[in-house]
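Work through the exercises below with the structure open beside you. Try each task before you read its solution.

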Amino acid sequence: GGGYIYPLGAYYLALSKSGAVKRLPLRSTLENPDALGRIYLAGRFISAAALLGICAMAALILLRRCPECPPAAAVAAVLSLPAAVIYSHYLTPHLWAAFWGLAAVYFLLAALPELRLKPLLGSAICLAFSAGSYWSALHTGLIVAAVLLSRGRADLDGRASRRLLLAAAAGLLAFFALNPYLPFNWSAAVYEIFPGGSSPWGNSLSELHSFFTGTLPGVAGPAMAFLLPAGCVWGLFSGRPLLRNVSAAVLLLLVPVALAVPTTFPAGIRRFFPWLVTGALMGTVFLLRMTARLRPAWRTAVLAAALLPGLFLSAAYLAGFADASGPRSTFRRMADKLDSMPAGLPLGMTDFPQPASMPAFRLDRWRLRFADLPTLRGSAVKDLPGYLLVNFEHKEALSGLLASRYSLYAGFYPRGIPGFTPDFFLCSANPPIELYKLKTGSADQP
């Protein structure tokens, strides 16, 4: 959406005018990988700044509604969400939109209970920026509505009603100003989100359990996967209108989120970062309330025990990003291995040589064969390539063939953090890569 694209364009224009980055003609981008890398890194700074902004907003929200709760707990809760930490490394609108969504919640809390006009307008504009940056962030509107309804209908006089209408009008105006094409070409915009009428749902009802047992622990950390729903259930019965309403909103969104994030593509949680962060805050408040009577040292120990697993998992992904850009890169080490082998050998690949899925080695030194998985599994022995390069995406599907026909020739694996294994379907930074050799006696054995 324009809420992301326009500020990003202005940011790049300022960087270009200041000489911090050099604009490249589209044709020469692949010829200047270092310059293109600097452009990407400069843009990625916005995502990193957005994550810090989310941490700040989470701390401010906690301070406003739970003064006795340490704001550092909110920051730790956000950083214990591996998915959020991962996307601070990508040039995408997801964290940017989530920041504006949380800012909308914060300003609305500041406007209550009198519905003061300035923070109310700020909340509406922030919500417009959130949804106008990434349409899936529209679900933040349900959370904002839950906060607003916690005020009740008391003292909703004519002046307060006019303020609400003015803020709503300002928000709608800002949203369409950021996305002016929507009223004129709505169908084309929707087609961009759901190409060819594709379904927004990634799971069926029968697969819901896999979201709670696999996807949610991976994107939110193992402890937060429990605290998030537990905190919302507690909030429903807390007797406090704000906690009750926000908990109800998060729980109402839980099933649609679980249906929309495929188990095979956990990165789909990026569409719902405002929901995820709000749920994490509810889980953190729940834990802090439950431990309120403990001594400070014990309370800190319980909080650390709950959040450290997620923080360590986030650290494991950060280590992967760091290693992927240096000599510990699994792809770089595999490329060096392939380039050191004799030229002219047959090599099978299950992916085209794209940077995200395969190492950058000398393709002209090999007799390359690209084959899809069914073709490989159904091939006769004489048709199998002498060497097979396998990435993490296809290893399980090829496990039978690899066990019966191939032996591991070389493999390079990430360091990681013991006990905290990254999910490479969530983030493919520095993934394992393996080279297999056809077993002795096979027809195509080199």
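Predicted model: local features only at pLDDT ≥ 70, side-chain atom pairs only at ≥ 80, totals over all residues.

Residues are numbered from 1 along each chain as its sequence is written, and side-chain values use heavy atoms, with hydrogens and water left out.

**Exercise 1. The helix α8**

Task: Compare the span of α8 with its expected span, then sort its buried and exposed residues.

Solution. 
- Step 1. Helices (H or I, at least four residues) and strands (E, at least two) are DSSP runs, numbered from the N terminus.
- Step 2. α8 covers residues 158-178, which makes 21 residues. The expected span of a helix is 1.5 Å times one less than its number of residues. From first C-alpha to last, α8 reaches 30 Å, close to the 30 Å expected.
- Step 3. Buried means under 20% relative accessible area, exposed over 50%, partly exposed in between (1.4 Å probe, protein chains only). In α8, the buried residues are Ala160, Ala167, Gly171, Ala174, Phe175 and Leu178.
- Step 4. Look down the axis of α8: the buried residues fall within an arc of 100 degrees (taken from the directions from the helix axis to the C-beta atoms), so they line one face.
- Step 5. Turned away from the buried side are the exposed residues Arg159, Arg162, Leu165, Leu172, Leu173 and Ala177.
- Step 6. The buried residues of α8 pack against α1 (2-18) and α6 (117-133), where contact means heavy atoms within 4.5 Å.

**Exercise 2. The cysteines**

Task: Which cysteines does a disulfide join?

Solution. 
- Step 1. Apply the rule: a disulfide is a pair of cysteine sulfur atoms within 2.5 Å. The count comes to one disulfide.
- Step 2. Cys66 is joined to Cys69, with 1.9 Å from S to S. Cys66 is buried at 3% relative accessibility, and Cys69 is buried at 2%.
- Step 3. Cys232 is in no disulfide; the nearest cysteine sulfur, in Cys66, is 15 Å away. Cys232 is buried at 0%.
- Step 4. For Cys427, the closest cysteine sulfur is in Cys55, 18 Å away, too far for a bond. Cys427 is buried at 1%.

**Exercise 3. The strand β1**

Task: Where do the side chains of β1 point, and which strands pair with β1?

Solution. 
- Step 1. In β1 (residues 345-349), five of its five residues are buried.
- Step 2. Leu345, Leu347 and Met349 point one way, while Pro346 and Gly348 point the other way.
- Step 3. Two strands pair if DSSP finds at least two bridges between them. Five bridges join β1 to β2 (residues 366-370), in parallel. Three join β1 to β3 (residues 387-391), also in parallel.
- Step 4. Find Leu347: it stands opposite Leu368 in β2, and its bridge partner in β3 is Tyr387.
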